[in-house]
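Please look through the sequence and the structure shown here.

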Amino acid sequence: LKVPLWFLFGTSFFTVLLLLSGIPLFLLWIIFRTPEILNMMDSSLFSEQFMGHFVGAGLMEELFKSIPVWLGIFLGSRFANLNLPGFVNGKLNPTVAILIGAASAVAFIIIETLGEYVPNIIEDYGVIFGLMLLIPRFITGIAGHVGWSGIFAYYIALGFYYKRANIVYPLIGWILAAFLHGLWNSTAEFSILLNSTVAICTFIIFIMYLFKSKNSFPIN
């Protein structure tokens with residue numbers, strides 16, 4: 001691994017700080033989780049629930065997790081001065097961007113699990129069962145949050161890698177990641193088979209982009 005581990009751990013820690021501060025999520029919540037969107041997320045109709053999760057979970061959470069990637073884009077020249085791999089001529093390598101997005105997603109999974117899911121399980125079944133929840137959450141997180149963040153990060157970096165910036169690429173990545181995220185959330189209550197299919201497709205798409213990026217944009 002050419003990217004130093006301290007850089008990836010630093011990315012995760014930065015995302016943890018953002019989550020604990022609550023400020024970025026609060027601002028995004030105002031925009032993406034209006035009362036109408038929240039009602040759609042709780043709807044019993046699949047179409048409404050999907051649209052609610054597409055906006056309230058997909059667009060919002062993927063944008064939040066991508067903050068370290070955007071910092072890598074705008075502070076690329078400074079990272080290049082530190083001789084970090086993947087920051088050549090002030091440009092963020094798409095492969096490194098995927099790793100940054102994945103590191104941010106890991107932090108998101110940890111805080112979300114410890115702050116939201118584990119307390120509920122502990123209350124009903126005890127501490128041991130609550131902590132055991134971390135295992136399946138990490139497994140599903142690889143096909144979920146890590147995959148969505150990696151896909152979006154790839155497109156963000158692609159949009160600013162060449163001489164001319166093209167904001168269309170980040171928009172495509174954002175919509176694709178949010179679509180898969182929303183579909184994952186909304187199918188959970190309707191069909192285990194469909195939910196598993198979304199997970200498998202997300203993982204395959206993520207691996208495809210990762211290998212494509214490694215071949216097209218090797219880390220120097």
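A crossing of two helices is called left-handed if the near helix is turned anticlockwise from the far one by less than a right angle, and right-handed if clockwise. The model is predicted, so local features need pLDDT of at least 70 and side-chain atom pairs count only at pLDDT 80 or more, while totals for chains, interfaces and linings use all residues. Residues are numbered from 1 along each chain as its sequence is written, and side-chain values use heavy atoms, leaving out hydrogens and water.

In this sense, α2 passes α4 in a right-handed crossing. The contact (heavy atoms within 4.5 Å) involves P24, L25, L28, W29 and F32 of α2, which meet V55, G56, L59, M60, L63 and F64 of α4. Helix α2 covers residues 23–32, and its axis lies 10 Å from that of α4, at an angle of about 145°; axes are lines fitted to C-alpha atoms, for helices over the stretch in contact, and angles run from 0 to 180 degrees between N-to-C directions.

Helix α4 spans residues 46–65 and has a kink of about 35° centred on F54, the bend being the angle between axes fitted to the seven residues ending there and the seven starting there. Of the 20 residues in α4, 15 are buried, that is, under 20% relative accessible area with a 1.4 Å probe, protein chains only.

The protein as a whole has 12 helices and 2 strands, taken as DSSP runs (H or I, at least four residues, for helices; E, at least two, for strands) and numbered from the N terminus. Buried residues account for 48% of its 220 residues.

Technical notes
Buried < 20%, exposed > 50% of the residue type's maximum accessible area, 1.4 Å probe, protein only.
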